[in-house]
Amino acid sequence: MKLPGLLPGFLLLCTSLGSSEGSHPKPACRYPPSQWCRSLEIAIACNVQKQCMELNATRPSRAVPPVSVTLYYEILCPGCRGFISQQLFPTWTMLQDIMTVTLVPYGNAKELPSVNSPFTCQHGEPECRGNMIEACIIHLTGHSAFQIIYCMESAANVLNAAQPCLQLYAPSVSWARSPPV
């Protein structure tokens, strides 16, 4: 038996087997994981119908309230802006059916007993004005507020992004006059 003659054939066989069995294409699923078991069509599209059937068989029948997250933040704080745009919003986007987010644009502000400026903010007067703008947006837009806030907080200039972000996500809402910048 010639070993050198068998080696190329063996390598060819191993290569062809390895290429067909070793590469598993990932399913093209356009739904976030939180929605995979929402319907049979989605489960089939994401190739997780078996797992969804098992989950539904073991899932308790009582409704569980969504996880509630409240964030007190400063609109011009680099750390707050990074957290909102890089962590909280992407997480909420995937889990919004089991997660509620309440945004409170107040952060490190202090009330002052002054007629001219009732508040002082860590990052100055523009941040106090921006906190008020975002608080109004949250009040006026309700459900779409988080998308608008994300749009503003991920922009290069938070205050200048207020009007374009509002027009993009809530075109029916308009300012009585342009927001103070």
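R129 is buried in this predicted model, with a relative accessible area of 18%. The residue forms a salt bridge with E125, in which the closest N and O atoms are 3.8 Å apart. E125 counts as partly exposed, at 47% relative accessibility. E125 and R129 lie 4 residues apart in helix α5, so about one helical turn separates them. An α-helix has 3.6 residues a turn, so residues three or four places apart point the same way.

Helix α5 itself spans residues 125-141. Its 17 residues reach 24 Å from the first C-alpha to the last, close to the 24 Å expected at 1.5 Å a residue. Besides R129, the buried residues of α5 include the charged residues E127 and E134. C128, G130, N131, I133, I137 and T141 are also buried in this helix. The cover over the buried residues of α5 includes the strands β1 (67-73), β2 (99-105) and β4 (119-121). Helices α6 and α7 (162-169) are also part of what covers them. G142 follows α5 and has a positive phi, near 60°.

Helix α6 (residues 145-153) also packs against helix α4 (residues 78-95), the two axes coming within 9 Å and crossing at roughly 145°. The crossing of α4 past α6 is left-handed. On the α4 side, the contact involves R81, I84, S85, L88, F89 and W92.

E153 is buried, with a relative accessible area of 2%. R81 is buried as well, at 19%, and falls under the 20% limit for a buried residue.

A further salt bridge joins R38 to D97, with the closest N and O atoms 3.0 Å apart. R38 lies in the loop between α1 (3-21) and α2 (40-45), and D97 in the loop between α4 and β2, so the pair ties together parts that are 59 residues apart in sequence. D97 is partly exposed, with a relative accessible area of 32%. The count of salt bridges in the model comes to 3. Side chains of opposite charge can pair when their charged atoms come close.

Of the 181 residues, 29% count as buried. Among contacts with a separation of 6 or more, 54% are accounted for by residues 24 or more positions apart.

Note on methods: Residues are numbered from 1 along each chain as its sequence is written. This is a predicted model: local features need pLDDT of at least 70, side-chain atom pairs count only at pLDDT 80 or more; totals for chains, interfaces and linings use all residues. Side-chain values use heavy atoms; hydrogens and water are left out. Axes are lines fitted to C-alpha atoms, for helices over the stretch in contact, and angles run from 0 to 180 degrees between N-to-C directions. Helices (H or I, at least four residues) and strands (E, at least two) are DSSP runs, numbered from the N terminus. A crossing is left-handed if the near helix is turned anticlockwise from the far one by less than a right angle, and right-handed if clockwise. Contact means heavy atoms within 4.5 Å. The expected span of a helix is 1.5 Å times one less than its number of residues. Buried means under 20% relative accessible area, exposed over 50%, partly exposed in between (1.4 Å probe, protein chains only). A salt bridge is a side-chain nitrogen of Lys or Arg within 4 Å of a carboxyl oxygen of Asp or Glu.
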